[in-house]
Amino acid sequence: MGFPTVRLRRLRTTRAWREMLRETVIDPADFIYPLFVVHGHGVREPIEAMPGVYHLSTDTLLEEVGKATEAGIKAVLLFGVAAHKDPEAHEAWDDEGIVQTAIRALKAQFPDLVVMTDVCLCGYTDHGHCGLVVDGKIDNDSTLEVLADVALSHARAGADVVAPSDMMDGRVRAIRKALDSEGFSETVIMAYSAKYASAFYGPFREAAHSAPQFGDRRTYQMDPASRRQAIREVTLDIEEGADVVMVKPALAYLDVIREVRDRFEVPLAAYNVSGEYAMVKAAAATGWVDERAVVGEILTGIKRAGADLIITYHAVDAAEWLRRGDL
Ligand SMILES: [Zn+2]
């Protein structure tokens, strides 16, 4: 049976029908809000390539998170900008480091907030790489111990979720082992499992002051053309104990998100990265796209592809639009 008996437009005639039959619904509880925290007081410094995103000191961070929780955001992901960088990334695992200090402040004021932390070395190393450098190369195995120390210091400060983003082999296992041995068996690991070496990270490097000082990250992040490798990465991270896996970036990798969703039962996050955000903001600023409509479509598309959680700089705007019924 087909046309003219069957007419799919019948069920699109009114807004009520369209909303009743909507197959994918986004909600503020889907969003994770990434934030950049810096030393100092009263700092709210705009990040040029990411309009609406700021470097925040701990006090202004609390204000920003207050706004976010009011909009319905349940989780934040913290990135630290180190005061001091050195080859071994000392501040990364310092209990008085910027992220550790911010975690304690957030948990004191917002006990129900899910505090997630990025676990990596690139914001803390003077060479800007995600691992330790030995003989001019990024050394996998010695980096694992440092990453475990970083994750432990975040857990001690009160982080609910640690999120390793370095792409070293074996890091999830090393972190799980370290957390469990110190009594942090409830700390969640959200692994950046399929993290591609992407040009869409450009604006983030300004934000995190983490551009590599030599070479690039292609010896540890994935080649953008590979899909089967993503499945292997996710498989290994789950075997090593990842509670949540991630695909990053999101928009040029929706097929990878869908495939991971279809193959695994584990919760899946997708990172709607800085370059994706910057393109929307730039086009909206010139009037070339309608920001609200485009953001709604992008976030819905990422969820429709299979993501349970979306890390996005649009989080607070989108949550407010959703609350007002404007998305
Ligand atoms: Zn890194």
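Predicted model: local features only at pLDDT ≥ 70, side-chain atom pairs only at ≥ 80, totals over all residues.

Biologist: How are the rings of Phe36 and Tyr313 arranged as a pair?

Modeller: Rings of Phe, Tyr and Trp (its six-membered ring) pair if their centres lie within 6.5 Å; planes under 30 degrees apart are stacked, over 60 edge-to-face, and the rest tilted. For Phe36 and Tyr313 the centres are 6.2 Å apart and the planes make an angle of 10°. That makes the pair stacked.

Biologist: How far apart in sequence are the parts that this pair ties together?

Modeller: Helices (H or I, at least four residues) and strands (E, at least two) are DSSP runs, numbered from the N terminus. Phe36 lies in strand β1 (residues 31–37) and Tyr313 in the loop between β12 (309–312) and α11 (315–323), so the parts tied together are apart by 277 residues.

Biologist: Are Cys122 and Cys130 buried or exposed?

Modeller: Buried means under 20% relative accessible area, exposed over 50%, and partly exposed in between (1.4 Å probe, protein chains only). Cys122 has 11% relative accessibility, and Cys130 has 1%. By that rule Cys122 counts as buried, and Cys130 also counts as buried.

Biologist: Which residues coordinate the zinc ion?

Modeller: Donors are N, O and S atoms within 2.8 Å of the metal (3.2 Å for Na, K and Ca); water is not among the atoms, so sites may look incomplete. The donor residues are spaced C-x1-C-x7-C in sequence. Through their SG atoms, at 2.2 to 2.3 Å, the zinc ion is coordinated by Cys120, Cys122 and Cys130.

Biologist: Which helix gives the most to the lining of the largest pocket?

Modeller: On a 1 Å grid over the protein atoms alone, a pocket is an open set of points where a 1.4 Å probe fits, with protein on both sides within 12 Å along at least five of seven lines; lining residues have an atom within 4 Å of a point. The largest pocket is lined by 15 residues, with Arg22, Gly296, Glu297, Thr300 and Leu327 nearest its centre. Seven residues of the lining come from the helix that gives the most, α10 (residues 291–305).

Technical notes. Residues numbered from 1 in each chain as written. Heavy atoms only, no water.
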